[in-house]
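My notebook is open, and I am going through this one step by step.

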Amino acid sequence: MTDNETPRADGLGAFEERAPDLAALYQALDTLECALSTTMRSAATSEELLDRLKEASARAAARAAEPEAPEQPAAAAEGPAAPPRDAAAAAAPSAAAASAPPPETAGAELEALRARVLSCAACGLAAGRQRAVFGQGVSRPVVLVVGEGPGAEEDRQGLPFVGASGQLLDKMLASIGLSRGANCYIANIVKCRPPNNREPAPGERAACLPYLKEQIRLLAPRAILCAGRTAAQTLLGTTEGINRLRTRAHALEGIPLVATFHPSALLRDETLKRPAWEDLKRLRDLLAAGAGAAGAGTAEEKGAAAGTRPAPEAGAPADA
Ligand code: URA
């Protein structure tokens with residue numbers, strides 16, 4: 001993990017600076033790309049091409065400045081990395097939400113589970129920890145974010161995602177109207193820090209997974225966002241790579257699951273920010289599609305997730 005790295009503050013590094021504005025910028029770029037490719041295909045001479053490029057650029061600027069336009073038909077709006085068509089359907093009320101204990105009981109059960117985790121010695125990681133990191137967020141979240149495991153700062157504070165990658169995660173979530181304070185819960189595959197921030201071993205993941213499964217049952221989130229390969233592979237029980245997993249719709253116990261890159265990967269490689277933004281949009285759209293459905297989250301929480309959507313995009317970026 002790279003919690004000691006300093007995020008870049010230029011260009012696509014704007015996740016760190018102004019996540020909502022980044023959405024508008026991408027929309028403008030997508031609109032421009034779309035307009036330019038149509039124009040270039042139809043021009044007969046270079047003068048004509050130049051004129052059309054100017055016109056297209058002006059039209060794209062005007063469209064980008066407009067308030068939200070009606071949603072495009074899904075098939076026309078999306079390209080290779082676009083959400084699979086069954087993603088929105090997966091946002092219907094989950095079996096987990098229907099069978100979750102009522103919030104009062106769930107809160108008490110969650111606290112009892114926390115106490116068990118804090119004194120757990122089920123694997124070797126317990127010996128090296130300062131604090132076990134149970135999780136943080138609201139008790140009936142719209143989204144449960146699952147990371148890999150605590151880093152040095154998380155181990156010190158006993159809270160998930162509080163280092164540099166956590167700050168980026170918060171900004172990514174904020175870009176689609178989510179936060180751990182209002183409508184998310186953040187947890188990890190393993191609750192104790194692996195030495196030297198190494199990947200948790202299969203046995204360590206297996207020992208800890210029942211705690212996360214129980215958290216999922218009690219929290220009954222409307223969607224799960226896996227931050228990184230380890231989280232996605234462990235929860236989905238697969239060895240497939242994150243590049244493939246992130247482009248497909250998944251569900252766990254009836255709860256729609258979106259996989260994306262770990263924020264620390266985004267801090268290491270700026271080019272992953274664009275595809276990560278596509279993943280967030282997929283999550284946002286999935287939540288918006290199911291915003292009226294019964295399930296976890298109060299009306300206020302659902303509104304926060306669904307009501308802050310940036311304008312729809314006209315094109316799709318290349319995959320990572
Ligand atoms: N990375 C993770 O996967 N989880 C944390 O809690 C912090 C960094």
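**Entry 1: confidence.** I started with pLDDT, the predictor's confidence in each residue, from 0 to 100. The protein chain averages 74, and 60% of the residues score at least 70. I noted that this is a predicted model, where local features need pLDDT of at least 70, side-chain atom pairs count only at pLDDT 80 or more, and totals for chains, interfaces and linings use all residues. Residues are numbered from 1 along each chain as its sequence is written.

Over residues 22–91 pLDDT stays under 50, and the model has 87 contacts beyond four places in sequence for them. Two residues are in contact if their C-beta atoms, placed from the backbone, lie within 7 Å. Residues 291–320 also stay under 50 in pLDDT, with 81 such contacts beyond four places in sequence. A reminder to myself: where pLDDT is low, the predicted coordinates should not be read in detail.

**Entry 2: overall make-up.** I found 15 helices and six strands in the protein chain; helices (H or I, at least four residues) and strands (E, at least two) are DSSP runs, numbered from the N terminus. Of the 320 residues, 46% count as buried. For burial I use C-beta atoms placed from the backbone: a residue is buried if 20 or more others lie within 10 Å of its own, exposed if 12 or fewer, and partly exposed in between.

**Entry 3: helix 14.** Helix 14 covers residues 273–289 and reaches 24 Å from its first C-alpha to its last, close to the 24 Å expected at 1.5 Å a residue. The expected span is 1.5 Å times one less than the number of residues. Because 15 of its 17 residues are buried, helix 14 is largely enclosed by the rest of the structure.

**Entry 4: strand 3.** Which way do the residues of strand 3 point? Cys-184, Ile-186 and Asn-188 point one way, Tyr-185 and Ala-187 the other, and all are buried.

I checked its partners too; two strands pair if DSSP finds at least two bridges between them. Strand 1 (residues 136–137) pairs with strand 3 in the antiparallel sense over two bridges, and Gln-136 stands opposite Ile-186. Strand 2 (residues 143–147) pairs with strand 3 in the parallel sense over five bridges, with Gly-147 opposite Asn-188.

**Entry 5: the ligand.** Gly-147 turned up again here. Of the 12 residues around the ligand, Gly-147, Glu-148, Glu-154, Pro-160 and Phe-161 come nearest. A residue is near a molecule if its C-beta atom, placed from the backbone, lies within 6 Å of it. I sorted the shell into four nonpolar, six polar and two charged residues. Ala, Val, Leu, Ile, Met, Phe, Trp, Tyr, Cys and Pro count as nonpolar, Asp, Glu, Lys and Arg as charged, and the others, Gly among them, as polar.

**Entry 6: Leu-159.** Leu-159 sits in the loop between helix 8 (152–157) and helix 9 (164–174). Is Leu-159 buried or partly exposed? It counts as partly exposed, because it has 18 C-beta neighbours inside 10 Å. Leu-159 touches Val-133, Gln-136 and Glu-154, leaving out residues up to four places away in sequence. The C-alpha atoms of Leu-159 and Gln-136 are 6.6 Å apart, although 23 residues separate them in sequence.

**Entry 7: Ala-126.** Ala-126 belongs to helix 7 (residues 125–128). Its C-alpha is 8.3 Å from that of Arg-193, 67 residues away along the chain.
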